[in-house]
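This report looks at aromatic rings and their contacts. Where do charges sit over rings, and which rings pair? The structure comes next.

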Amino acid sequence: MSTEGTAMRAWRVRRPGPMSSRPLELDTTATIPQPAPDELLVAVRACGVCRTDLHVTEGDLAVHRPHVIPGHEVVGEVVAIGSDAGDEFAVGDRVGVAWLRHTCGVCDYCRRGAENLCPNSLYTGWDADGGYADFATVPAAFAHRLPDGYTDSELAPLLCAGIIGYRSLLRAELPEGGRLGLYGFGGSAHITAQVALAQGAEVHVMTRGADARELALGLGAASVQGAADPPPVKLDAAILFAPVGDLVLPALEALDRGGTLAIAGIHLSDIPALNYQRHLFQERQVRSVTSNTRTDAREFLALAGRHRIAVTTPEYSLEQADQALADLAEGRIAGAAVLLP
């Protein structure tokens with residue numbers, strides 16, 4: 001398929017700032033990107049709306065690429081293949097484009113299997129244009145095979161919300177049959193809850209939204225309460241999905257002895273002062289989560305192929321991307337929103 005000389009639609013972050021300032025601008029004459037020798041060109045079939053997109057758009061994350069096209073939960077169809085992209089993918093394949101886009105492969109972190117910590121890593125929708133558009137590119141080595149049995153809309157949130165939730169669950173070190181607390185219950189948490197429940201965990205949800213609480217109960221949560229309220233039992237592990245540093249304190253207080261709190265977001269507001277006895281003593285610990293490795297992604301997508309995950313996906317047209325992000329900012333989305341070009 002030749003795309004040279006033709007135009008596409010794409011949302012660009014013209015002026016990072018609050019959604020009320022209209023930082024996104026729809027470009028209807030954007031040039032369709034051409035794949036580099038090691039890349040695939042994909043026609044976007046669905047793109048998830050992630051809180052990281054909101055951080056990029058509102059300026060919580062520093063500008064890496066001026067006027068970037070956000071979006072890093074992309075389900076696409078391969079329409080062109082670079083000359084050095086190998087033969088793993090063919091034109092017509094359905095592939096996934098995720099947040100992690102490039103690592104150097106030679107630093108100490110990459111060589112020890114921690115490519116998520118690579119100082120030279122690059123990210124879709126931040127360092128390179130992403131999926132709030134009709135077309136996007138992805139290095140073939142960072143494209144993902146997708147499990148069968150899901151629609152494009154259902155697959156899109158798995159590519160970040162699902163993957164990051166999976167890594168967060170690993171970082172939380174939940175013991176078998178343990179009690180897990182989830183703080184915030186949006187796109188990532190509602191997928192992670194199902195993974196934990198499938199593994200035999202007891203899940204307790206702390207969140208502000210009535211719709212999110214209803215969703216949590218419907219998926220099998222043992223309890224739901226307000227965002228900073230104590231759960232009815234002590235927790236063996238917890239994951240903080242809401243980007244609110246104030247919630248670190250009640251989450252740590254809710255942990256049982258030896259419990260771990262994993263903080264899932266790339267951005268978090270400031271954490272208030274901790275009290276050693278109330279929040280950390282008895283070997284409670286806090287662990288951050290930084291991106292993911294391709295191994296994490298492939299393990300999670302394989303798990304999603306074996307265990308059907310119910311993904312709640314309010315759908316927006318591509319032209320409504322700014323509205324979708326505004327709804328996310330205001331807590332009006334239960335589940336994981338998806339753009340459909």
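## Charges over rings

The charged end of Arg308 sits over the ring of Tyr150, 4.3 Å from the ring centre. Arg294 lies over the face of Phe142, 3.9 Å from the centre of that ring. A charge counts as over a ring if NZ of Lys or CZ of Arg is within 6 Å of the ring centre and within 35 degrees of the ring normal.

## Basis of the model

This is a predicted model: local features need pLDDT of at least 70, side-chain atom pairs count only at pLDDT 80 or more, and totals for chains, interfaces and linings use all residues. Residues are numbered from 1 along each chain as its sequence is written, and side-chain values use heavy atoms, with hydrogens and water left out.

## Aromatic pairs

The whole structure holds five aromatic pairs. Rings of Phe, Tyr and Trp (its six-membered ring) pair if their centres lie within 6.5 Å; planes under 30 degrees apart are stacked, over 60 edge-to-face, the rest tilted.

One of the pairs is Trp99 with Trp126, stacked at 5.7 Å centre to centre and 10° between the planes. Trp99 lies in the loop between strands E5 (94–97) and E6 (100–102), and Trp126 in the loop between strands E7 (122–123) and E8 (135–139), so the pair ties together parts 27 residues apart in sequence. Strands are DSSP runs (E, at least two residues), numbered from the N terminus.

Tyr276 and Phe281 form a tilted pair: 5.7 Å centre to centre, 50° between the planes.

## Cluster and burial

Trp99, Tyr123 and Trp126 form one aromatic cluster. Trp99 is buried at 6% relative accessibility. Trp126 is buried too, at 12%. Phe281 is partly exposed at 38%. Buried means under 20% relative accessible area, exposed over 50%, partly exposed in between (1.4 Å probe, protein chains only).

Conventions: Helices (H or I, at least four residues) and strands (E, at least two) are DSSP runs, numbered from the N terminus.
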